[in-house]
Amino acid sequence: MFSSARVFGGLEAERSDYLTSQFVIVPVPYDATTTYRSGTRDGPRAIIDASLQMELWDLELGCEPADHGIHTFPEVEPHLGSSKLMVERVRDVVAGVISDDKVPIMIGGEHTLTAGAVEACGAVYPDLAILYLDAHADVRDPYLGAEWNHASALRLSIGAIRRGRAVSEVPVVAVGIRSAAAEEADYIRENELRVVLAQEVAETRYGGMSARDRMWDEVLERLGPREAPLYISVDLDCLDPSVIAAVGTPEPGGLDWYEVTSLLRRACERFKVVGADVVELAPDEGPVAGTFAAAKLVYKLVGYIGNRAQGGSSD
Ligand SMILES: [Mn+2]
């Protein structure tokens, strides 16, 4: 039942060897602070299992993104001390991947872990921006609770970059938001965070694809100049529960599959994506179709980031 060699996509050695791979999947089965439904600790294993069923050919891109090389790390062991220590453990693992000039893609696990990966990327790329896809604003004050918490994941991530930076400005856009506390609304206003509500996205459906892509371009411009380093964090609950119900905290009225992939593709074409994550899958909480969608989304990221890196500058 427990295979020691779990390789994303079931790739053969030539396309999954660490030395030659451009991408490294970092599985982190950790969910100590999720509040509503637990089970995101089973997410990484389920995503890798589902990835074995994927076709490696990508019809949209007309290639096999696996050719870029995808190495799969063993699962990062949960730290039993505190979520803060766990975030630091993720930071150290991701820092190692970055220093070997590879793109880490963390699969969670709860969203708190993002703060560690972002800190590692921010240490190497001080002008790092964050594109954050989520149903929830995730900007609760982390110091009100005893622990670093998934409901503070974006605020912790912004803090992690600010610590290493001379200026306090961090380019951030949060997309898909449809749930926030009053305290979070205050934080968003005071910090002039650009938030794209899921409702705004839904309204562009009636204006067709060009309205959608104009919105994405406007959003991405806020993250900095072309070629700037970007970290992408995808909480799977940004998607509508009809796409993925198997998340810790589902919210109705989410983004559809093509809305998310079109945003990710445009972001990857415009920026130098130096790290990414796909978090919060709780496989036992919904149909297996959601787990499969999560695996496909990870693979989409590989294709979008890898193809651009291969093609060099888009100018
Ligand atoms: Mn989140």
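Glu280 is buried, having 32 other C-beta atoms within 10 Å. A residue counts as buried if 20 or more other C-beta atoms, placed from the backbone, lie within 10 Å of its own, as exposed if 12 or fewer do, and as partly exposed in between. Glu280 also has a positive phi of about 80 degrees although it is not a glycine, and it lies in the loop between β8 and α9. Helices (H or I, at least four residues) and strands (E, at least two) are DSSP runs, numbered from the N terminus.

## Basis of the model

This is a predicted model, in which local features need pLDDT of at least 70 and side-chain atom pairs count only at pLDDT 80 or more, while totals for chains, interfaces and linings use all residues. Residues are numbered from 1 along each chain as its sequence is written.

## The sheet

An open sheet of eight strands has the order β2-β1-β3-β8-β7-β4-β5-β6, with parallel pairing. The edges are formed by β2 (70-72) and β6 (194-197), each with a single partner strand, so one side of each is left without a neighbour in the sheet. Neighbouring strands of this sheet are turned by 15 degrees against each other on average, direction ignored. Two strands are taken to pair if DSSP finds at least two bridges between them.

Strand β8 is joined to β3 by three bridges, the two strands running parallel; here Ile105 has Ala276 of β8 as its bridge partner. Seven bridges join β7 to β8, again in parallel, and Leu230 is partnered by Val273 of β8. On the β4 side, five bridges connect β4 (residues 129-133) with β7 (residues 229-235), which run parallel, and Tyr132 stands opposite Ser233 in β7. Strand β8 is mostly covered, with seven of its eight residues buried.

## Core and sheet-covering helix

The largest nonpolar core has 94 residues, of which Val26, Ile105, Leu230, Ala294 and Val298 touch the most other members. Helix α9 (residues 288-311) gives the most to this core, with 10 residues. Such a core is a set of buried Ala, Val, Leu, Ile, Met, Phe, Trp, Tyr and Cys residues joined through C-beta atoms within 7 Å.

Leaving aside its neighbours within four places in sequence, Leu230 is in contact with Ala129, Leu131, Leu223, Ala267, Phe271, Lys272, Val273 and Val274. Contact requires that the C-beta atoms of two residues, placed from the backbone, lie within 7 Å. Helix α8 (residues 257-270) lies across β4, β5 (172-177), β7 and β8 (272-279), and runs at about 165 degrees to β7. Axes are lines fitted to C-alpha atoms, for helices over the stretch in contact, and angles run from 0 to 180 degrees between N-to-C directions.

## Helix pairs

Helix α2 (residues 83-99) packs on helix α3 (residues 114-124) at an angle of about 40 degrees, with their axes 7 Å apart. The two are therefore oblique to each other; angles under 35 degrees count as roughly parallel, over 145 as roughly antiparallel, 65 to 115 as roughly perpendicular and the rest as oblique. The crossing of α2 and α3 is right-handed, a term used if the near helix is turned clockwise from the far one by less than a right angle, with anticlockwise giving left-handed. Residues of the α2 contact surface include Val87, Val90, Val94 and Ile98, and those of α3 include Ala115, Gly116, Ala120 and Val124.

Helices α7 (residues 208-221) and α8 pack at an angle of about 45 degrees, with their axes 10 Å apart. That angle makes α7 oblique to α8, and their crossing is right-handed. Arg212, Asp213, Trp216, Asp217 and Leu220 in α7 meet Glu259, Ser262, Leu263, Arg266, Ala267 and Arg270 in α8.

## Helix α4

Eight of the 11 residues of α4 are buried, so this helix is largely enclosed by the rest of the structure. Its buried residues pack against α3, β4, β5 and α5 (182-190). Among them are Leu154, Leu156, Ile158 and Ile161.

## Further backbone features

Most residues other than glycine have a negative phi, and most peptide bonds are trans. Asp138, which is not a glycine, has a positive phi of about 55 degrees. Asp138 is placed in the loop between β4 and α4 (153-163) and counts as buried, with 26 C-beta neighbours inside 10 Å.

A cis peptide bond joins Gly108 and Gly109, with omega of about 10 degrees. Gly109 lies in the loop between β3 (103-108) and α3.
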